[in-house]
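Welcome! Here is a short briefing to read alongside the structure.

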Amino acid sequence: MKLTATVTVKGDSERLPEYRGYVNRLLDEEQDGVSYAELHTAAQLEYRLKLRRGIPFPPFVMTSQAFPELTVEVEWSDADEGRGGRAVIQNGALREQAAQTHAPSGLRLQDVRAGSDGGLRIAVCCARWREAWHGYVIAADQHAYFRISGAAGLCEIRASDGVDAEWAERWTVESGEAQYAELDPREPIEESELRELDTIAQEFSREWVWFDESPAEETAIERQRFAAYGYPVRPANLRSEVLRKVLRPEDAGLALGSFGEDTRWIPELLQRCWLRPAD
């Protein structure tokens with residue numbers, strides 16, 4: 001399964017169950033190469049699809065013709081080739097379409113850590129791009145884009161304030177010692193760099209994180225599960241399935257990482273610098 005896609009259907013909530021029935025029958029008739037999971041809420045339908053080839057527009061387009069008041073949004077990516085795209089379908093027609101190229105997801109490194117109570121300690125996702133490490137870092141009450149230029153022991157970290165399009169902070173690391181500076185004035189993030197950072201952040205958040213500020217109807221299932229498991233809800237939270245089935249016990253908490261021996265310094269440096277209050 002080399003292709004993945006997320007299809008979201010929005011609009012008149014009373015029409016969504018009928019749309020789901022139509023499109024599910026068409027998806028089930030696909031002969032080969034499609035598997036899907038349904039992550040629906042009362043406010044929208046959401047399908048996660050894995051495919052061997054092509055994006056299954058036809059079932060959603062055909063069904064859309066019968067439900068012109070609903071909007072269908074498709075986001076897809078090819079992990080092997082580092083390609084992706086987005087499309088909007090309404091009334092059986094392709095209203096918007098865009099393609100993009102990004103770093104193959106197989107090259108993205110992740111490190112996720114949670115406390116024993118399910119609280120998000122820190123999560124890092126990054127990729128090598130334009131001779132630097134670009135990525136997204138998030139804790140329970142803060143998040144940022146980051147760029148690391150250089151190597152372990154001798155590098156520079158730049159971080160945004162939230163997901164603003166500006167670099168707000170800088171750490172200069174030499175011989176393991178980090179010097180902090182708040183950037184004044186702040187420095188705009190170049191447009192192509194910002195697109196890369198946003199892609200990493202969006203894809204990571206979609207799979208791993210839910211936010212307390214999100215609409216209640218979109219997070220109802222997560223809130224119910226957190227209550228059942230006894231987890232407190234914080235501004236940013238790991239998804240319940242991640243906590244229960246993906247992360248493994250480590251350091252009196254839960255963790256999972258894909259950084260190797262030669263890159264382990266990246267999440268360790270971010271944890272030491274970015275999480276620590278500036279002097």
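The points below go from the overall picture to the sheet, its helices and the aromatic rings.

This is a predicted model, where local features need pLDDT of at least 70, side-chain atom pairs count only at pLDDT 80 or more, and totals for chains, interfaces and linings use all residues. Residues are numbered from 1 along each chain as its sequence is written, and side-chain values use heavy atoms, leaving out hydrogens and water.

**Overall picture**
- The protein has 6 helices and 17 strands; these are DSSP runs numbered from the N terminus, with helices (H or I) of at least four residues and strands (E) of at least two.
- Of its 279 residues, 44% count as buried, meaning under 20% relative accessible area with a 1.4 Å probe and protein chains only.
- Among contacts (heavy atoms within 4.5 Å) with a separation of 6 or more, 52% come from residues 24 or more positions apart.

**The sheet**
- An open sheet is formed by 9 strands in the order β13-β12-β11-β10-β9-β8-β7-β17-β16, with antiparallel pairing; two strands pair if DSSP finds at least two bridges between them.
- At the edges are β13 (177-188) and β16 (248-250), each pairing on one side only.
- From one strand to the next, the twist averages 25°; angles run from 0 to 180 degrees between N-to-C directions, using axes fitted to C-alpha atoms, for helices over the stretch in contact.
- Strands β8 (residues 120-129) and β9 (residues 132-139) share 7 bridges in the antiparallel sense.

**Helices on the sheet**
- Helix α3 (residues 191-208) packs on the sheet and touches several strands, including β7 (109-115) and β17 (253-257); its direction makes about 40° with that of β9.
- Helix α6 (residues 265-273) lies across strands including β11 (154-160), and runs at about 125° to β10.

**Aromatic rings**
- The structure holds 10 aromatic pairs, counted when ring centres of Phe, Tyr or Trp (its six-membered ring) lie within 6.5 Å; planes under 30 degrees apart are stacked, over 60 edge-to-face and the rest tilted.
- One of these joins Tyr 19 and Phe 67 edge-to-face, at 5.5 Å centre to centre and 70° between the planes.
- Tyr 19 is in helix α1 (residues 16-28) and Phe 67 is in the loop between α2 (57-66) and β4 (71-78), so this pair ties together parts 48 residues apart in sequence.
- Tyr 19 is buried at 0% relative accessibility, and Phe 67 is buried at 2%.
- Trp 210, Phe 226, Tyr 229 and Tyr 231 are linked into a cluster by ring pairs.
- Arg 244 lies over the face of Tyr 229, at 4.0 Å from the ring centre; a charge sits over a ring if NZ of Lys or CZ of Arg is within 6 Å of the centre and within 35 degrees of the ring normal.

How values were computed
Buried means under 20% relative accessible area, exposed over 50%, partly exposed in between (1.4 Å probe, protein chains only).
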